[in-house]
Amino acid sequence: MSETIRERDEREIARGLHAVNEELHKVNLSAWLQLGLPAAQLKALVAIASGDGRSITGLAGELGIGEPAASQVVEQLVRRGYVSRDADPADRRRVVVTTTEQGSELVSVLRQRRREHVHQWLGSLDDDDVHALARGLCALAQAARNGGAL
């Protein structure tokens, strides 16, 4: 059976997203290597910075690791000054992990580097391509947020 135009387009979109993701990974890797921060700590820091505070249990679940490992990674980030552990005001038995100013700044710098690279790539496209890409990515993001079926 021959491939439809839609199937071809979907395959090309998947390839394009993969290629962009690979290039962004290279940008991130370069920045990450300059930090000297182990991968587990960087992942945890980004996860913590992406929310309003995380419990050790929630962080462990998000990272797919056990609570003891999550607690150890958090302790290492606390020693580096990137996160703090505080009692949850709603439940004093629960500890909430949040980024410090230093941790938030580090994540912000890494995200800014990514944005700068994307901006540079977009600068090489003509207006029609930028418009089409914006429209398509907005639609794809909406489908993803709506939990498109797998």
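**Note on the predicted model: helix packing, core and hairpin**

1. The axes of H2 and H5 come within 10 Å and cross at roughly 100 degrees; axes here are lines fitted to C-alpha atoms, for helices over the stretch in contact, with angles running from 0 to 180 degrees between N-to-C directions. The two helices, H2 and H5, are therefore roughly perpendicular to each other, a label covering 65 to 115 degrees. Helices (H or I, at least four residues) and strands (E, at least two) are DSSP runs, numbered from the N terminus.

2. This is a predicted model, in which local features need pLDDT of at least 70 and side-chain atom pairs count only at pLDDT 80 or more, while totals for chains, interfaces and linings use all residues. Residues are numbered from 1 along each chain as its sequence is written, and side-chain values use heavy atoms, with hydrogens and water left out.

3. On the H2 side, Leu42, Leu45, Val46 and Ala49 meet Gly103, Leu106, Val107, Leu110 and Arg111 of H5, contact meaning heavy atoms within 4.5 Å. The residues of this contact divide into seven nonpolar, one polar and one charged; Ala, Val, Leu, Ile, Met, Phe, Trp, Tyr, Cys and Pro count as nonpolar, Asp, Glu, Lys and Arg as charged, and the others, Gly among them, as polar.

4. The largest nonpolar core has 20 residues, of which Leu45, Ile48, Val74, Leu77, Tyr82 and Val83 touch the most other members. Such a core is a set of buried Ala, Val, Leu, Ile, Met, Phe, Trp, Tyr and Cys residues joined through side-chain atoms within 4.5 Å. Helices H2 (39-49), H3 (56-63), H4 (67-80) and H5 (101-123) each supply at least two residues of this core, and H2 gives the most, with five. Not counting residues up to four places away in sequence, Leu45 touches Leu37, Leu77, Tyr82, Val83, Thr99, Gly103, Leu106 and Val107.

5. Gln41 also belongs to helix H2. At 5% relative accessibility, Gln41 counts as buried, that is, under 20% relative accessible area, with exposed being over 50% and partly exposed in between (1.4 Å probe, protein chains only). Leaving aside neighbours within four places in sequence, Gln41 is in contact with Val73, Gln76, Leu77 and Arg80.

6. Ser50 lies in the loop between H2 and H3 and, at 47% relative accessibility, counts as partly exposed.

7. Strands E1 (residues 83-88) and E2 (residues 91-99) run antiparallel and are joined by six bridges; strands pair if DSSP finds at least two bridges between them. E1 and E2 form a hairpin with two residues between them, and Ser84 stands opposite Thr98 in E2.

Definitions and conventions:
Angles under 35 degrees count as roughly parallel, over 145 as roughly antiparallel, 65 to 115 as roughly perpendicular and the rest as oblique.
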